[in-house]
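Please read the points below with the model open beside them.

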Amino acid sequence: MPELPEVETIASILRHGGDHHPSLLGKTILGAHLLWERTLASPSPAEFQEKIFGQVIREIGRRGKYLLLSLSRDTLLIHLRMSGDLLVEPSTNPPAPHHRLMFDLDGGLRLSFNDPRKFGRVWLVADTQVVLGNLGPEPLSSDFTPEGFYERLQRYNRQLKPLLLDQTFLAGLGNIYADEALHRAKLHPQVSAATLSRTQAEHLWASIRQVLQEGIQRSGASIDWVYRGGEFQHHFRVYRRVGMPCPECGTPIRRLVIGQRGTHFCPSCQRLPTPLNAP
DNA sequence: CACGAGACCTGTTCGC
DNA sequence: TGCGAACAGGTCTCGT
């Protein structure tokens, strides 16, 4: 589920409080219950239990698709992968189906990591660089510039779609926002990054920021049974809209598999450049 | 270096 | 209706 806008939305809810719970800032972690072993990436379960006890949640942030809870001594990093979600509930609730890790907090609250597909991972580390060290630039930060983006695109003779999904190239884009950004930039997902003109690169840069900002503004996208609250799914222009008309030109949207991911695009607005030596 | 396949998992939806 | 196939917001590892 969660790409940058969804993780940002969850971080914001945990930081400022939600409909039925207060902010988690200042809460003390009284204990952890690990229900699916592999959810905890590091350290060992025993060390995790021992280290997390008594730490206070000081800050709640995000880097790429990682949720960051800065604690008294360490940082708790959470990656939701495909189906993960976080909820705050009374600590007396019985564990719901698919709960993988639960944190008891003071005030009778519990922070629960729910993840049907079990792909999500949690780390407790002193140094976040161990986990976040290879991430690419943060697309909404001021140091992500159109000039720098153009120069980095030039370095890769790779198809655009898989490159945009590569978190070491750019942090936070996932399948939905990559498809939506490419459509707004009128670029075919299989165009080689290195062939983009300066203007095309700048257009893509602006499109990426636009879709992410709109996603955040609409509290993310909610699809299927995972994650609730977001509205961005009502504003997709191509994602999962096979056969429906392109909002720009009316041509039916098509789907391709690129890098093992379903890819949605308008075959009219997003054309592959014709080779110069074509017959 | 660039790319594809397979793995990790469970649940929903689609097609016959 | 039933049942298997296809598909799903992500990332890692291996082989070519």
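1. Strand β7 (residues 99–105) is mostly covered, since five of its seven residues are buried, where buried is said of a residue with 20 or more other C-beta atoms, placed from the backbone, within 10 Å of its own, exposed of one with 12 or fewer, and partly exposed of one in between. Strands here are DSSP runs of E with at least two residues, and helices are runs of H or I with at least four, both numbered from the N terminus. The model is a predicted one, in which local features need pLDDT of at least 70, side-chain atom pairs count only at pLDDT 80 or more, and totals for chains, interfaces and linings use all residues. Residues are numbered from 1 along each chain as its sequence is written, while chains are lettered from A and ligands numbered from 1 in the order in which they are written.

2. β7 is joined antiparallel to β1 (residues 29–34) by five bridges and to β8 (residues 109–114) by six, also antiparallel; two strands count as paired if DSSP finds at least two bridges between them. Leu105 of β7 stands opposite Ile29 and opposite Leu109 in β8. The hairpin of β7 and β8 has three residues between the strands, and Gly107 takes a positive phi near 85 degrees there.

3. Which residues have the most contacts inside the largest nonpolar core? They are Ile78, Val122 and Ala181, in a core of 67 residues, a nonpolar core being a set of buried Ala, Val, Leu, Ile, Met, Phe, Trp, Tyr and Cys residues joined through C-beta atoms within 7 Å. Leaving aside neighbours within four places in sequence, Val122 is in contact (C-beta atoms, placed from the backbone, within 7 Å) with residues including Leu76, Ile78, Leu101 and Phe113.

4. DNA strand C is surrounded by 19 residues, of which Gly174, Asn175, Ile223, Asp224 and Gly262 are the closest; near means that the C-beta atom, placed from the backbone, lies within 6 Å. α6 (175–184) and β11 (261–265) each supply at least two residues of the surface near DNA strand C.

Terms used. Two residues are in contact if their C-beta atoms, placed from the backbone, lie within 7 Å.
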